[in-house]
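Subject: Structure handover

Hello,

Here is the structure for your work. Please open it alongside this note.

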Amino acid sequence: VQLQASGGGLVQAGGSLRPSCVASGGTFSNGAVAWYRQAPGKEREQVAALASGGMTKYAESVKGRFTISRHNGINTTYLQMNSLKPEDTAVYYCASGPRVGVEAYEYHVWGQGTQVTVSS
């Protein structure tokens with residue numbers, strides 16, 4: 001399975017973006033998907049995760065603003081990001097694995113990342 005992320009961009013604070021991630025060569029419908037982000041000089045952090053059964057998990061910093069979803073029929077996961085803040089600026093990565101995990105190594109397949117920049 002390969003993951004291809006897209007949909008990042010430049011947006012003003014308070015705006016919205018919806019990156020997407022498409023799986024090819026296979027499916028992630030039976031496992032978990034997650035979005036991570038990495039800002040310059042910072043460690044990669046998990047932003048949101050979605051289990052195959054529908055359970056979701058969000059970082060405290062994005063709760064109430066970000067929503068992770070998936071469309072198994074087209075092997076795509078989305079990250080709806082609202083009320084964006086300058087501190088959300090980062091490269092956003094999608095990942096898939098057998099189950100929702102805490103550590104990045106628990107996700108076996110990664111997309112290439114898409115840049116999100118939020119201006120103040």
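Below are notes on the cores, the disulfide and the salt bridges.

This is a predicted model: local features need pLDDT of at least 70, side-chain atom pairs count only at pLDDT 80 or more, and totals for chains, interfaces and linings use all residues. Residues are numbered from 1 along each chain as its sequence is written, and side-chain values use heavy atoms, with hydrogens and water left out.

**Cores**

The largest nonpolar core has 25 residues. A nonpolar core here is a set of buried Ala, Val, Leu, Ile, Met, Phe, Trp, Tyr and Cys residues joined through side-chain atoms within 4.5 Å. Buried means under 20% relative accessible area, exposed over 50%, and partly exposed in between (1.4 Å probe, protein chains only). Trp 35, Phe 66, Leu 79, Met 81 and Tyr 92 touch the most other members. Elements giving two or more residues to this core include β1 (2-6), β4 (32-38), β8 (76-81) and β9 (90-97). Strands are DSSP runs (E, at least two residues), numbered from the N terminus.

A second, separate core has six residues, among them Ala 32, Ala 34, Ala 49 and Tyr 107.

Tyr 92 has contacts (heavy atoms within 4.5 Å) that include Trp 35, Arg 37, Phe 66, Leu 79 and Met 81, leaving aside residues up to four places away in sequence.

**Disulfide**

A search of the whole structure finds one disulfide, defined as a pair of cysteine sulfur atoms within 2.5 Å. It joins Cys 21 to Cys 94, S to S 2.0 Å. Cys 21 sits in strand β3 and Cys 94 in strand β9, so the link ties together parts 73 residues apart in sequence. The link of Cys 21 and Cys 94 is right-handed, with 60° about the S-S bond. Cys 21 is buried at 0% relative accessibility. Cys 94 is buried at 1%.

**Salt bridges**

There are four. The criterion is a side-chain nitrogen of Lys or Arg within 4 Å of a carboxyl oxygen of Asp or Glu. Arg 37 pairs with Glu 45, the closest N and O atoms being 2.6 Å apart. Arg 37 also forms a salt bridge with Asp 88 (2.9 Å, N to O). Asp 88 lies in the loop between β8 and β9 and Arg 37 in strand β4, so this pair ties together parts 51 residues apart in sequence. Both Asp 88 and Arg 37 are buried, while Glu 45 is partly exposed at 33% relative accessibility. Arg 37, Glu 45, Arg 65 and Asp 88 are linked in a network of salt bridges.

Lys 63 and Glu 60 also form a salt bridge (2.7 Å, N to O). Lys 63 is partly exposed at 46%, and Glu 60 is exposed at 63%.

Best regards

Terms used
Helix = DSSP H or I, 4+ residues; strand = E, 2+ residues; numbered from the N terminus.
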